[in-house]
Amino acid sequence: GQCVMVCPTGALAERDQTDEVLNFLADPEITTVFQMAPAVRVGFGEEFGMPTGTNVEGQIIAALRKIGADIILDTNFAADVVIMEEGTELLGHLKEKKRPTFTSCCPAWINFAEKHYPEILPMLSSTRSPQAVLGSLAKTYLAEKRNIDPKKMRVVSIMPCTAKKEEAARPVLGKNGVPDVDVVLTVREFARLLRREGIDLKEIQPSAYDDPHMSEYTGAGAIFGTTGGVMEAAARTLYYVINGKELEHVEISQLRGFDNVRTANINLGGEFGEIKVALCHGLKGTRDIVEAVKAGKVDFDFIEVMACPGGCVDGGGTLRSKKAYIPLAMKRRETLFNVDRQTKARQSHNNTQVQKLYADYLEAPYSHKSHDLLHTEYCSRPFGVPADMEQAWHELHEQG
Ligand code: SF4
């Protein structure tokens with residue numbers, strides 16, 4: 001059934017998949033589609049000796065073109081789609097007074113819940129993560145728009161953690177045994193791949209996206225790479241959906257600290273008024289909050305969980321010193337916040353490519369088709385879960 005999860009003995013986490021990607025690129029029959037996660041652009045420059053937090057989005061796009069990528073997309077686009085879906089889902093839960101709803105975009109957190117807290121799985125948002133949403137839409141919507149046979153398409157993700165490899169291998173995140181995301185490269189592997197191809201990121205002229213369907217993103221999508229980002233992004237869109245006008249103060253400063261657990265009240269207006277939100281990162285904060293929910297000691301409406309302290313901005317990168325994580329993560333995060341301030345639109349619902357996706361293809365958030373392509377399910381797995389939350393954070397930091 002759906003709940004059979006086969007993990008090739010955790011081998012995925014160890015395996016370097018740069019060869020596979022080079023094989024796709026060398027095959028003229030294959031259309032290669034790349035995506036980069038929100039946090040990758042602010043952590044990747046360090047691999048090439050650039051200052052912490054430098055935004056190298058343009059250089060990554062140029063480097064991908066140079067190695068022969070056919071289509072380059074942004075996971076940030078999919079983050080905007082996630083907000084449309086998860087926001088609608090959350091609104092439904094608020095109406096039913098079903099609380100709390102937990103976010104679901106960090107696969108190390110999902111693994112943790114499936115292993116240790118199966119009783120809370122019904123509270124997890126069913127919306128797939130941005131990486132999975134992008135893979136699914138690439139092989140359906142994009143393939144249709146660009147007239148490509150999805151069987152000849154390979155989707156490659158550049159991601160801040162190995163937990164994303166296991167996520168991509170989940171049988172439910174594919175069609176007829178073919179995964180939506182074919183290969184996940186960690187930032188480290190991607191750096192190795194570029195070096196093998198003789199590319200120095202410092203020497204390359206930045207370029208820009210040219211795909212008209214799935215590369216635009218808003219400030220809301222950009223801040224998914226740091227803790228609190230999902231929550232802020234959701235608040236902006238929920239407020240608009242409820243009140244028919246934009247939220248004035250889009251930055252929620254109470255959520256922007258580095259404490260393990262942070263809480264805030266957000267006024268959504270309309271029939272809902274204030275909702276109570278929390279976010280946590282790291283193992284301790286997460287355990288504390290899940291235990292408190294189970295014991296009925298807290299009554300949050302929405303809880304964001306990220307395995308890595310600081311979120312994905314500290315999922316990978318090049319730093320080796322554990323003590324240094326906060327300053328490094330802060331610099332990377334500051335860059336994401338600046339990206340948010342500089343984007344044309346700061347709300348997911350104002351992403352024109354997202355609007356077109358719904359108008360041309362999905363109809364509406366949470367529609368039948370959306371359900372099919374953009375949602376998933378979880379199952380109790382007391383054994384055989386390959387990575388735990390702490391491991392997800394330590395892994396890349398400990399590799400030399
Ligand atoms: Fe991966 Fe860490 Fe981000 Fe979770 S928080 S998706 S484990 S980088």
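The paragraphs below take up the ligand shell, a helix crossing, the salt bridges and some backbone geometry.

This is a predicted model, in which local features need pLDDT of at least 70, side-chain atom pairs count only at pLDDT 80 or more, and totals for chains, interfaces and linings use all residues. Residues are numbered from 1 along each chain as its sequence is written, and side-chain values use heavy atoms, with hydrogens and water left out.

The ligand is surrounded by C106, P107, A108, P160, C161, K164, M306, A307, C308, C312, G315 and A392, where a residue is near a molecule or strand if one of its heavy atoms lies within 4 Å of it. By class, this shell has 10 nonpolar, 1 polar and 1 charged residues; Ala, Val, Leu, Ile, Met, Phe, Trp, Tyr, Cys and Pro count as nonpolar, Asp, Glu, Lys and Arg as charged, and the others, Gly among them, as polar.

P107 and A108 from this shell are also among the buried residues of α6, together with W109, I110, N111, F112, A113 and E114. In total, 8 of the 10 residues of α6 are buried, that is, under 20% relative accessible area, with exposed meaning over 50% and partly exposed in between (1.4 Å probe, protein chains only). Helices (H or I, at least four residues) and strands (E, at least two) are DSSP runs, numbered from the N terminus.

E114 forms a salt bridge with R381 through their side chains (2.9 Å, N to O); the term requires a side-chain nitrogen of Lys or Arg within 4 Å of a carboxyl oxygen of Asp or Glu. The pair links distant parts of the chain, with E114 in helix α6 (residues 107-116) and R381 in the loop between α15 (368-374) and α16 (389-398), 267 residues apart. Both partners, E114 and R381, are buried.

The whole structure holds 31 salt bridges. Another one joins the side chains of D340 and R236 (2.9 Å, N to O), and this pair connects helix α13 (residues 325-342) with helix α11 (residues 229-243) across 104 residues. D340 and R236 are each buried. E251 and R256 also meet in a salt bridge (3.2 Å, N to O). Here E251 is partly exposed, because its relative accessible area is 31%, whereas R256 counts as buried at 13%. These last two pairs belong to a network of salt bridges that links E232, R236, E251, R256, E334, D340, R341 and R346.

How do α7 and α14 cross? The axes of helix α7 (residues 130-145) and helix α14 (residues 352-362) come within 12 Å and cross at roughly 80°, so the two helices are roughly perpendicular. Axes are lines fitted to C-alpha atoms, for helices over the stretch in contact, and angles run from 0 to 180 degrees between N-to-C directions; 65 to 115 degrees counts as roughly perpendicular. L137, T140, Y141, E144 and K145 in α7 meet K356, L357, D360 and Y361 in α14, with contact meaning heavy atoms within 4.5 Å.

Most residues other than glycine have a negative phi, and most peptide bonds are trans. The peptide bond from R99 to P100 is cis, with omega near -5°. N147 has a positive phi, near 60°, and counts as exposed because its relative accessibility is 73%. Y366, in the loop between α14 and α15, has a positive phi near 70°.

Key: Parallel < 35°, antiparallel > 145°, perpendicular 65-115°, else oblique.
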